[in-house]
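Student: I would like a close look at a single part of this model. Please set the whole chain out first, then go in.

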Amino acid sequence: MSHTLGIRQAQKQKTRQALLDAALGLLEEQSLSSLGLREVTRAVGVAPTAFYRHFRSTADLGVALVEEALGSLHPMIRTTVSADGDPDERIARAIELIAGHVARHPAHVRFIARERHGGVQSVRAAIQDQLARFGEEVKHELAKDPLSGGWSDQDLLMLANLYVDQMLMIASLFLDTLDKDAGDERQRVVEDATRRMRLISIGRRHWLD
């Protein structure tokens, strides 16, 4: 009996993941608010009624995609502001991590960039919740740095959110280079991202002056 249940559970999880993957592919060309569940089930090859065994609505599916896209990034986000190395090394490491993630998961990055201000409220809220968690985690890492001595908790959170916002912006810039066969464009993004992060770093060092 338990073996049969295990097989059914595995099949259910496989179908759920197939629905997520199909939706992510379809969302390369459209917003979540325009996505129909029949499009998703047709792409997977299951009946529309099967969709409701996994998600209450396409909005519910979108929230699951947010978790898939951002939920695993928390360790990487903390690493980007680690106090290891000098400021230029930290910036270079952060940009390399962001560029690598975009190259490996472009569809997820595109989905978040589009839906962060999209028309599905529950998905916008899920993204904002994840970004707020990133902010708190980055703040915790920044607090470990001697440079943060004397900073208020409120100011540290403001700084953390600046870093998070820039990481999202930099990811979007790298995303634009994937469709272009031009190393020069990617290098321009690296240089622009470096300047953005350096500006925050310089402001941080002089905030308490």
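What does the accessible surface of the protein chain come to, and what percentage of it belongs to carbon and sulfur atoms? Then take helix H7: which of its residues are buried?

Tutor: The accessible surface of the protein chain comes to about 11600 Å². Carbon and sulfur atoms hold 52% of that area. Areas are Shrake-Rupley values with a 1.4 Å probe, and for residues only the protein chains shown count as cover.

A word on the basis. This is a predicted model, where local features need pLDDT of at least 70, side-chain atom pairs count only at pLDDT 80 or more, and totals for chains, interfaces and linings use all residues. Residues are numbered from 1 along each chain as its sequence is written, and side-chain values use heavy atoms, leaving out hydrogens and water.

The protein chain has 10 helices and 0 strands. Both kinds of element are DSSP runs numbered from the N terminus: helices are H or I of at least four residues, strands E of at least two. The C-alpha trace spans about 65 × 45 × 35 Å along its principal axes. Of the 209 residues, 42% count as buried. Buried means under 20% relative accessible area, exposed over 50%, and partly exposed in between, with a 1.4 Å probe and protein chains only. Take contacts next, meaning heavy atoms within 4.5 Å. Among those between residues at least 6 apart in sequence, 66% join residues at least 24 apart.

On to H7. The helix covers residues 106-115 and is mostly covered, with 7 of its 10 residues buried. The buried set is Ala107, His108, Val109, Arg110, Phe111, Ile112 and Glu115. An α-helix has 3.6 residues a turn, so residues three or four places apart point the same way.

Start with alanine 107, which sits in H7. Alanine 107 counts as buried because its relative accessible area is 17%. Beyond its neighbours within four places in sequence, alanine 107 contacts Leu24 and Glu28. Glutamine 187 is 80 residues away along the chain, and its C-alpha atom is 22 Å from that of alanine 107.

With neighbours within four places set aside, histidine 101 contacts Val109, Leu73 and Met76. Histidine 101 is itself buried, because its relative accessibility is 10%.

Leu73 leads back to the record. An unreviewed UniProt entry lists "domain: HTH tetR-type" for residues 13-73. Such annotations may be inferred rather than shown by experiment; positions follow the numbering used here and feature names are shortened. That span is 64% helix and 0% strand, and its end C-alpha atoms lie 22 Å apart. The unreviewed entry also gives a "DNA-binding region" at residues 36-55. Here the span is 60% helix and 0% strand, with end C-alpha atoms 13 Å apart.

One feature there deserves a glance. Phe51, Tyr52 and Phe55 form one aromatic cluster. Rings of Phe, Tyr and Trp (its six-membered ring) pair if their centres lie within 6.5 Å; planes under 30 degrees apart are stacked, over 60 edge-to-face, the rest tilted. The count comes to 3 aromatic pairs. One of them joins phenylalanine 51 and tyrosine 52 edge-to-face, at 5.7 Å centre to centre and 80 degrees between the planes. Phenylalanine 51 counts as buried because its relative accessibility is 0%.
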